[in-house]
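Subject: Structure handover

Hello,

Here is the structure you were to receive. Please look it over before reading the notes below it.

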2 protein chains.
Amino acid sequence: MSETPADTPKRQRAPSKRALQTKARVLDAAETVFSIKGFDGATIRDIAAEAGEPVGTIHHHGGGKERLYHQAVARRAGPLAERRLAALAAVKAAGDVTIERVLTAFCSPFFDLAQEDPVWRCYARLVAQVSADSRWREIRAAHFDPAFEVFLEELSALLPDVPRRHIVATFVFSVSALLALLTSRDRIGEFEAGDIQDTEDLRSLIRFCAGGMAAG
Amino acid sequence: MSETPADTPKRQRAPSKRALQTKARVLDAAETVFSIKGFDGATIRDIAAEAGEPVGTIHHHGGGKERLYHQAVARRAGPLAERRLAALAAVKAAGDVTIERVLTAFCSPFFDLAQEDPVWRCYARLVAQVSADSRWREIRAAHFDPAFEVFLEELSALLPDVPRRHIVATFVFSVSALLALLTSRDRIGEFEAGDIQDTEDLRSLIRFCAGGMAAG
DNA sequence: GTCTATATGTAGATAGAC
DNA sequence: GTCTATCTACATATAGAC
């Protein structure tokens, strides 16, 4: 197939550089506001204020509140899945595949990104919302489940004698624990204050999930 | 202090039996609607429709949307904590205190209630919302944290050589896993369909959490 | 593409009849 | 205590000027 304009008949010109920057600002603002206030609690006006743009611009680039939410979730889902699968591939290439290493490949990328850039901590809250609300099941199925399946297969191969339902259950528990860690920087600190040694918490998470899975 | 009317100067009469039934219906409806649509997604009109009462009645008994939410969460928090603490006391009375038994005392009551009566499954979704949103931190602190502290002390005593931060982290992970199990009857089923053997899932949860905690 | 003004619906809350 | 009618505010969305 050639790259003639016929491939994208609806869009007559490529968006200008200026327009792309505006759209990125809109999505950044949507991500921030949605992650803090949730889909129903957030308003287009909140997002407009956060982006420093007029209300109409949010609609122009977002295409309505629900489409905007979808786009904000979808934007980082692909890169996240790629990182996870790359980490898993690295573990398999190294040869010594263990439950702990597979779970590390799953958890570390998101954790590292959240450490490097706060926008990923924001995104983690968004993912937690999508994970918790049955209303967004289609988004989950489209953007997150494929990678989950790959990891489930890997874990099943490592635990051939464990019933699949137990593996699935413990993997769901592990995902919820990861999201709990990423979204509640202060939830652990509510009970035990102290220096924020998040890296130590990641090691707690991996040991917890790997130990729990192996206990089956 | 005596039980003179001076103790409750604002309320001149005890509410009638009819009024108490109405209030219970209002709280039941609020619990259902809030648990499905969340605080922001739910409307007073939704709750009125669910209760079969006019809109004004919801305000009269609820005292505004936010107070109504608080009441719905608070209503079952006490009984739940009592069940958990009673189960813990039973374990201690039996003499053989283990991590697995302590976690069972924490998880089983909520799970059993959810099995017996669907309203507790509804309530679990409400608790998950309260647990996930920093907006409701005060509700958590008032209604859930006291029992958490008791269980944390018990676990700390069982694991004297483990840093407290690790114990707190793994307990937070365990709570999130319990809520994931209670709120997502279909989340596990999304990957592995089959007979709904929830009791088997509870055993998975306990083994997972106990194994993960002991792995530290 | 960007921004203003506005149309239309519905939210939470309340005053007052019954 | 219960229910109706209504007030005020703000939501999403869009039409059209620039």
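The surface near DNA strand C is made up of 5 nonpolar, 8 polar and 4 charged residues. The model is predicted, so please read every distance here as a computed value of that model. In total, 17 residues surround DNA strand C, and Glu53(A), His61(A), Ile44(B), Arg45(B) and Lys65(B) are the closest of them.

- Thr22(A) has a polar side-chain atom 3.1 Å from a phosphate oxygen.
- His61(A) has a side-chain N or O atom 3.3 Å from a phosphate oxygen.
- Arg45(B) has a side-chain N or O atom 2.8 Å from a base nitrogen.

Two or more residues each are given to this surface by helix 1 and helix 3 of chain A and by helix 2 (44-51) of chain B. Helix 3 of chain A provides the largest share, 4 residues.

Next, DNA strand D. There are 17 residues around DNA strand D, with Ile44(A), Arg45(A), Thr22(B), Glu53(B) and His61(B) coming nearest. Sugar and phosphate make up 67% of the atoms of DNA strand D that come within 4 Å of the protein.

- Arg45(A) places a polar side-chain atom 3.2 Å from a base oxygen.
- His59(A) places a polar side-chain atom 3.1 Å from a phosphate oxygen.
- Thr22(B) places a side-chain N or O atom 3.0 Å from a phosphate oxygen.

Helix 2 of chain A, with helix 1 and helix 3 (55-62) of chain B, are the elements that give two or more residues to the surface near DNA strand D. The largest share, 4 residues, comes from helix 3 of chain B. The residues near DNA strand D divide into 5 nonpolar, 8 polar and 4 charged.

One residue on that list deserves a note. Leaving aside residues up to four places away in sequence, Glu53(B) touches Thr22(B), Arg25(B), Ala48(B) and Ile58(B).

On the relation between the two protein chains: chain B superposes on chain A by a rotation of 180° with 0.0 Å of shift along the axis, at an RMSD of 0.0 Å. This is the relation of a two-fold axis. The C-alpha of chain B nearest that axis belongs to Gly212(B), at 2.0 Å. The copies meet through the same surface, because 100% of the interface residues of chain B are also interface residues in chain A.

Last, helix 1 of chain A. This helix, residues 17-41, has a kink of about 85° centred on Ser35(A). Ser35(A) is itself one of the buried residues of the helix, among them also Thr22(A), Val26(A), Phe34(A) and Phe39(A). Within chain A, the buried residues of helix 1 pack against helix 2 (44-51), helix 3 (55-62), helix 4 (65-94) and helix 6 (118-132). They also pack against helix 1 (17-41) of chain B.

Regards

Conventions: Residues numbered from 1 in each chain as written. Chains lettered and ligands numbered in written order. Predicted model: local features only at pLDDT ≥ 70, side-chain atom pairs only at ≥ 80, totals over all residues. Heavy atoms only, no water. Bend = angle between axes of the 7 residues up to and from the residue. Buried < 20%, exposed > 50% of the residue type's maximum accessible area, 1.4 Å probe, protein only. Contact = heavy atoms within 4.5 Å. Least-squares fit on C-alpha atoms with pLDDT ≥ 70 in both. Near = heavy atom within 4 Å. Polar contact = N/O pair within 3.5 Å; in protein donor to acceptor, adjacent residues only side chain to side chain. Nonpolar A, V, L, I, M, F, W, Y, C, P; charged D, E, K, R; others polar.
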